[in-house]
Amino acid sequence: MKKVGLILLACLIVLTACKDEAKKKKPVEMAERTSEFLKEDPFINANRSVTVTPDSLIAGATFKIDSTAMIYDVKADGTADTNCRVTYANGKVFTVQHLKDGLLEGRSSSYYPNGQLWSEEMYRHGVQVGEEKCYRENGYLISIGHYDDNGICCGTWKYYKENGEIDHSVNIGKNDIQCGHCLKCVMLKHQQKKRKR
């Protein structure tokens with residue numbers, strides 16, 4: 001009987017230790033998942049001016065774009081109004097942007113060919129500011145980053161695995177190249193090229 005009691009006591013101690021260990025483990029940070037899905041061109045009935053753009057000008061496209069057209073809404077006097085978008089050859093919307101005085105203003109959204117949200121960015125007077133989010137076709141975040149009021153990448157950028165779990169984070173310093181396209185990153189890249197020569 002004493003042996004049974006000791007075995008039960010040992011099991012109780014092990015179970016208590018396991019529960020304490022489980023409590024200590026931090027929960028895995030998971031990415032948000034978007035359900036935004038664009039079904040059709042939101043400005044389909046607007047007056048428009050179309051400019052065809054060669055594929056070579058589309059940087060970083062991760063999927064085939066047969067041909068694209070920049071479509072600007074136009075006012076009665078023929079000047080550009082507040083919206084523009086790039087469409088795929090099949091007529092589906094790739095990017096929806098808003099213009100003010102010819103500069104990007106407010107939210108800019110890009111979509112996969114199936115209509116799933118790909119990325120969203122914010123602009124003020126043509127400068128990217130605030131939060132930038134990029135999503136996979138399964139809806140999970142790829143990355144989330146930040147830009148200051150001057151359009152410089154800053155703060156903590158987070159990157160996620162395909163299943164939505166956090167992969168890694170990067171804290172951006174003043175001499176770090178992160179986004180690759182803000183003024184700071186472009187200047188740092190240029191300086192690096194000069195040093196290599």
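The buried residues of helix H2 pack against strand E10 (153–160); helices (H or I, at least four residues) and strands (E, at least two) are DSSP runs, numbered from the N terminus. The structure is a predicted model, in which local features need pLDDT of at least 70 and side-chain atom pairs count only at pLDDT 80 or more, whereas totals for chains, interfaces and linings use all residues. Residues are numbered from 1 along each chain as its sequence is written, and side-chain values use heavy atoms, with hydrogens and water left out.

Helix H2 comprises 14 residues (183–196) and spans 20 Å from its first C-alpha to its last, close to the 20 Å expected at 1.5 Å a residue; the expected span is 1.5 Å times one less than the number of residues. Within H2, Lys-184, Cys-185 and Leu-188 are buried, where buried means under 20% relative accessible area, exposed over 50%, and partly exposed in between (1.4 Å probe, protein chains only). Viewed down the axis of H2, the buried residues fall within an arc of 95° and therefore line one face of the helix; the arc is that of the directions from the helix axis to the C-beta atoms. An α-helix has 3.6 residues a turn, so residues three or four places apart point the same way. On the other side of H2, Leu-183, Lys-193 and Lys-194 are exposed.

The largest nonpolar core consists of 10 residues, among them Ala-31, Val-93, Leu-117, Tyr-135, Leu-141 and Tyr-160. A nonpolar core is a set of buried Ala, Val, Leu, Ile, Met, Phe, Trp, Tyr and Cys residues joined through side-chain atoms within 4.5 Å. Strands E4 (93–100) and E9 (141–147) each supply at least two residues of this core. Not counting residues up to four places away in sequence, Leu-141 touches residues including Ala-31, Tyr-135, Tyr-160 and Lys-161, contact meaning heavy atoms within 4.5 Å. A second, separate core of 9 residues includes Tyr-147, Trp-157, Cys-179 and Cys-185.

His-181 is found in the loop between strand E11 (166–171) and H2. With a relative accessible area of 46%, His-181 is partly exposed. Its side chain makes polar contacts with the side chains of Gln-128 (3.3 Å) and Tyr-147 (3.1 Å). A polar contact is a pair of N or O atoms within 3.5 Å; within protein, one must be able to donate a hydrogen and the other to accept it, and residues adjacent in sequence count only if both atoms are side-chain atoms. Beyond four places in sequence, the contacts of His-181 are with Gln-128, Glu-132, Tyr-147 and Val-186. The C-alpha atoms of His-181 and Ile-152 lie 9.0 Å apart in space, although 29 residues separate the two in sequence.

Gln-128 is placed in strand E8 (127–135) and counts as buried because its relative accessibility is 7%. A further polar contact, of 2.9 Å, links the side chains of Gln-128 and Glu-132. Ser-119, in strand E7 (117–124), is likewise buried at 7% relative accessibility. Leaving aside neighbours within four places in sequence, Ser-119 touches Ser-108, Ser-109, Ser-110, Lys-133 and Cys-134.

The mean pLDDT of the protein chain is 75, with 61% of residues reaching 70 or more; pLDDT is the predictor's confidence in each residue, from 0 to 100. Over residues 54–68 pLDDT stays under 50, and the model has 26 contacts beyond four places in sequence for this segment.
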